[in-house]
Amino acid sequence: METTQPLGREAAAESGLPLAVDATALRKSFGPVRAVDEVTLQVRPGEIVAFLGPNGAGKATAIDMMLGLSNPDSGTVTVFGESPRAAIAHGLVSAVLQTGGLLKDISVRETLELTASLFVDTRPVDEVMQRAGIAEIAGRRVDLCSGGQQQRLRFAMALLSDPGLLILDEPTTGMDVEGRRSFWNAIRADAARGRTVLFATHYLEEADEYADRIVLMSRGRIVADGPTADIKNMVSGRTVTAMLADADPVALAALPGVDSVEAAGERLTIHTRDSDAVARHLLTRTAARDIEIAAQNLESVFLALTSEGTAS
């Protein structure tokens, strides 16, 4: 999704609002391992930002520092111009994490009412249940809820303070396909009202479909940051797929512009910088059928930019 709006400090200055997240030169080590290494990140109000990276890339550590759960060894981070803990105390930021935070022997409604009692001012419990898609299970005990329903309950809890920033860590874990779709519809509706969303996910298709911007971490550093379309364009070439019996991968790999050839039964996958030449060869020199040409997807970029290893 391309955007002509500026990112970071420039956009915040134009809007007159402080940055939703303003992190500068964050560093965090655990013994000899540097989990976060000179990370600088600005998120402007109203953005939906996907925070991606392989396991051990440093995403969770960076999120912990944004939430005030961990202090950086060096560098600074503010949320809407305040320290993370102050922003949380003022109801400006909420998080939906993968685990924890739920009492199993009380109902969904009781969980939300208990959480609401911790804030001076909250949205109505019925409203947040409706927005999170759990109104029909209000009386269900938490330990009888599925994993996906518990994630929706965490989402509802996060909405109670009506935060300006939502930080989501693998928010759709445990949800089925329909549950994930309706969850993201709710997130999009919230973002349309001006809420800022920063989410970490292993579902790359979610980042591709729902994020305005992608930030990719590897080995503790940010290796890519920009609109989704721009990130996809960072890896050149296209993928040609075809069905071909008795294919010769070695001969195909020798074609001009071909980077790699994968054969699985009759199915060929050819990564190339000259897709027209490859398609022409398949059509005129072979019995290939069902030929398709596709631009690089987000998975290709992810693998290309993180393939050199990760930090813990």
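Figure 1. In strand β6, Ile167 is the bridge partner of Ala95. The structure is a predicted model, in which local features need pLDDT of at least 70 and side-chain atom pairs count only at pLDDT 80 or more, whereas totals for chains, interfaces and linings use all residues. Residues are numbered from 1 along each chain as its sequence is written, and side-chain values use heavy atoms, with hydrogens and water left out. Strand β5 (residues 93-96) pairs with β6 in the parallel sense over four bridges; two strands pair if DSSP finds at least two bridges between them. Strand β7 (residues 196-200) also pairs with β6 in the parallel sense, over five bridges, and Thr196 in β7 is the bridge partner of Leu165. Five of the five residues of β6 (residues 165-169) are buried, where buried means under 20% relative accessible area, exposed over 50%, and partly exposed in between (1.4 Å probe, protein chains only). Leu165, Ile167 and Asp169 point one way from the strand, while Leu166 and Leu168 point the other way.

**Figure 2. The whole protein as context for the close-ups.** Twelve helices and 13 strands make up the secondary structure; helices (H or I, at least four residues) and strands (E, at least two) are DSSP runs numbered from the N terminus. Along the principal axes, the C-alpha atoms fill a box of roughly 75 × 45 × 40 Å. The protein has 312 residues, of which 47% count as buried. Among contacts (heavy atoms within 4.5 Å) with a separation of 6 or more, 67% join residues 24 or more positions apart. The accessible surface comes to about 14800 Å², and 49% of this area belongs to carbon and sulfur atoms; the areas come from the Shrake-Rupley method with a 1.4 Å probe, and for residues only the protein chains shown count as cover.

**Figure 3. The salt bridge between Asp37 and Arg221****.** Side chains of opposite charge can pair when their charged atoms come close. The closest N and O atoms of Asp37 and Arg221 are 3.2 Å apart. This pair links distant parts of the chain, since Asp37 lies in strand β2 (residues 33-43) and Arg221 in strand β9 (residues 221-227), 184 residues apart. Asp37 is buried, with a relative accessible area of 14%, whereas Arg221 is partly exposed at 42%. A search of the whole structure finds 20 salt bridges, each defined as a side-chain nitrogen of Lys or Arg within 4 Å of a carboxyl oxygen of Asp or Glu.

**Figure 4. A network of salt bridges around Asp190 and Arg131****.** Arg131 and Asp190 meet through their side chains in a salt bridge of 2.6 Å, N to O. The two residues stand in separate helices, Asp190 in α7 (residues 177-192) and Arg131 in α5 (residues 125-132), and are 59 residues apart. Asp190 counts as buried, at 3% relative accessibility. Both belong to a network of salt bridges that also links Arg123, Glu127, Asp162, Arg193 and Arg195.

**Figure 5. The salt bridge between Arg289 and Glu266****.** The closest N and O atoms of this pair are 3.1 Å apart.

Figure 6. With a relative accessible area of 16%, Thr269 is buried. Residues up to four places away in sequence aside, Thr269 touches Thr239, Val240, Thr241, Ser260, Val261 and Glu262.

**Figure 7. The hairpin of strands β8 and β9****.** The two strands pair in the antiparallel sense over six bridges, and Leu216 stands opposite Ala224 in β9. Two residues lie between the strands, and Arg219 in the turn has a positive phi of about 55 degrees.

**Figure 8. Helix α12 and the elements that cover its buried residues****.** The buried residues of α12 (residues 298-306) are Leu298, Ser300, Val301, Phe302 and Thr306. Their cover includes β3 (48-52), α8 (204-210), β8 (213-218) and α9 (228-232).
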